[in-house]
Amino acid sequence: MNIHEYQARALLKAQGIPMLDGDVASTPTEAEAIARRLGGPVVIKAQVHAGGRGKAGGVRLVRTPSEALDHASEILGMQIKGLTVQKVLVVPAAEISSESYLGLIMDRESQRPVFMVSAAGGVDIEEVAAKTPEKIVRLAVDPTYGVFPHQALTLAFALYRDFTQVKAAAKIIEQLYAGFVANGASLAEINPLVTTPDGRVLALDAKIVIDDNELFWRPDLSLLRDDTAEEPSEAAARRANLSFIKLDGNVGCVVNGAGLAMATMDLVKYYGGEPANFLDIGGSSNPEKVIAALRIITTDPNVKAILFNIFGGITRTDDVANGIVAATRQFKVSVPIVIRLTGTNETEAIRILEGVGMRALSDMDQAVEQVVKLARGAA
Amino acid sequence: MSVFADAGTRLLVQGITGREGSFHARQMLEYGTRVVAGVTPGKGGQTFEGKVPVFNTVADAVRETGANASVIYVPPMAAAAAIFEAADAGIPLVVCITEGIPVMHMSRVIPFVRSRNVRLIGPNCPGLISPGAQAKIGIIPGNICLPGRVGLVSRSGTLTYEVVHHLTRNASGQSTCVGIGGDPIIGTNFIDCLRAFQDDPATDAIVMIGEIGGTDEQNAAAFVKAHVTKPVAGFIAGQTAPKGRRMGHAGAIISGSSGTAEEKLGAFEAAGIGIMRRPAEVVDLLRGRL
């Protein structure tokens, strides 16, 4: 789960990481008031779940509270990569002597949290990583013990020469690790970590991605979710416990299992169609999930035909059939549905579907070819 | 013969009295798996289905029944603790079915199981099945499998069933099918399974089913090129997946330009692995290579 910069700042500040005072605003007048309280020049930053905010015009340096008002009103409501800006962060403009990068990710290859630090920080860190990876120092942490003081110091020495700054950075590294663990993060990043002309080391930006698997037992972290930053159909799917991602095609897909769902999308493409979504109804056989899935897919006006691809293992295909029948009774589905099901209780499932005049296929290729043809005919 | 599970497997079910655990314990018993014990803390002394003794701890179960493998069906927040317990009791093969375990928990589990020489399969996986040995550990439906000589390893569940279904319908039986799981941090990877299949005299050909995200398939392809002499067919799911989005499985995500289907298929091609463009192609590909 992505959270906003202002939220990540609060989580890292709670660990003691030094940063400039700032606040979040939802209206231009709030932004003006914050700028007045802070005094002096401030930076106004769009809060959206997207990179490249600065390049999109969502980060502005202003000198006065009235300028803050003007620019905040331009940024609020602005679209950045398809997302509407609902909030801005207002922070004092810092004088900067150097910009570094400090990141911590859960690394799948080493199966451990891995620090990545670079003295070449700032907006172009992706380019640094791609072109001069030797400028990024990596260090894997054994999560049983956490980051050792000597490891933090080693990383800090890769950033600074001045020992006071090295010690300050080492402390921030330990605090970042603590924040990573405390908040169930899969990524925590400070970019840039800056030094000021008077020698202080400060975090100017913060990013945290929370491991979705932590949310179940951490309602405090779930509260950080911003529903407005999500595609509405995806938010609805999440509330129905469906794994759903909206795409641009016209073939709606309802599948059990993530791997089979991806393979189904690929097969739609193979036969010349375009999938409208990824949707995994999961292993349970709850007919309610099928109803929710159909409701979400049919709200997409691009969808011209819908494919069910169910391989019954734990999932009982008769439950899915019941869900399809119940859904079509609850609301009108005006596009054709192609159903492929095989496995657990398929005879019963076929009987249920035939009872309402629907057919079921048993072969995946055959079903996908048919749904692609139907979608094309209707398009 | 088969890999990881065979006729000598004496299985313990952690979470045997729960909804998932009891359902699948029955399925495993029906298939012929030697389920010798169950563990649910607080329910020690009970008997499951009139024949499987239930214990309070894994150590008790091992001492009383000689269990040498464990399958875990406990909820996500208790699953890491269940793996620690099984490893601590000296069980050499632990299969964790549970989906939704926080990745930090797994990051702590891995060094511990390695230090105890435990083979951990999963988490978030369907487990494994060796049809010829009537050994099923997990949730792979037994009725779609057929004893035979194809070894299969996969990151997915139902997609595995789809491929197995094609194999079985065309009389290509399986030595062992292993689902290694869809999470970013897992105990057993493709290479572990490829090595086991290469060394297994009962396996003649190998099918590997990967998906987008990470570098496991690329590393596996390099291993195939260097060490595997048996024919290998490969599939990658997620060719149409958008970047930066988690496709259901926590591990199925393309980050930046890494972990794409093209990258993985390229690695397969370079290693001489036969590429399945659709699941149904598995049969002809293997026939052509055997």
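Predicted model: local features only at pLDDT ≥ 70, side-chain atom pairs only at ≥ 80, totals over all residues.
View 1. The C-alpha centres of domain 1 and domain 2 of chain B are 26 Å apart. Domain 1 of chain B covers residues 11–121, and domain 2 of chain B covers residues 140–289.

**View 2. Contact between the two domains of chain B.** Domain 1 of chain B contributes nine residues to this contact, and domain 2 of chain B contributes eight residues. On the side of domain 1 of chain B that touches domain 2 of chain B, at least two residues come from H4 and at least two from strand S7 (119–121). H4(B) provides the largest share of this side, with five residues. By class, the side comprises seven nonpolar residues, one polar residue and one charged residue.

**View 3. Contact between chain A and chain B.** Three helices of chain B, H3 (76–88), H4 (103–115) and H5 (158–169), each supply at least two residues of the side of chain B that touches chain A. The largest share of that side is the six residues from H4(B). The side of chain B that touches chain A consists of 22 nonpolar, 14 polar and seven charged residues.

**View 4. Domain arrangement in chain A.** Chain A is divided into domain 1 (21–92), domain 2 (98–222) and domain 3 (231–378). Between domain 1 of chain A and domain 2 of chain A, the C-alpha centres are separated by 26 Å.

Conventions:
Residues numbered from 1 in each chain as written. Chains lettered and ligands numbered in written order. Contact = placed C-beta atoms within 7 Å. Helix = DSSP H or I, 4+ residues; strand = E, 2+ residues; numbered from the N terminus. Nonpolar A, V, L, I, M, F, W, Y, C, P; charged D, E, K, R; others polar. Domains from an automatic or database assignment.
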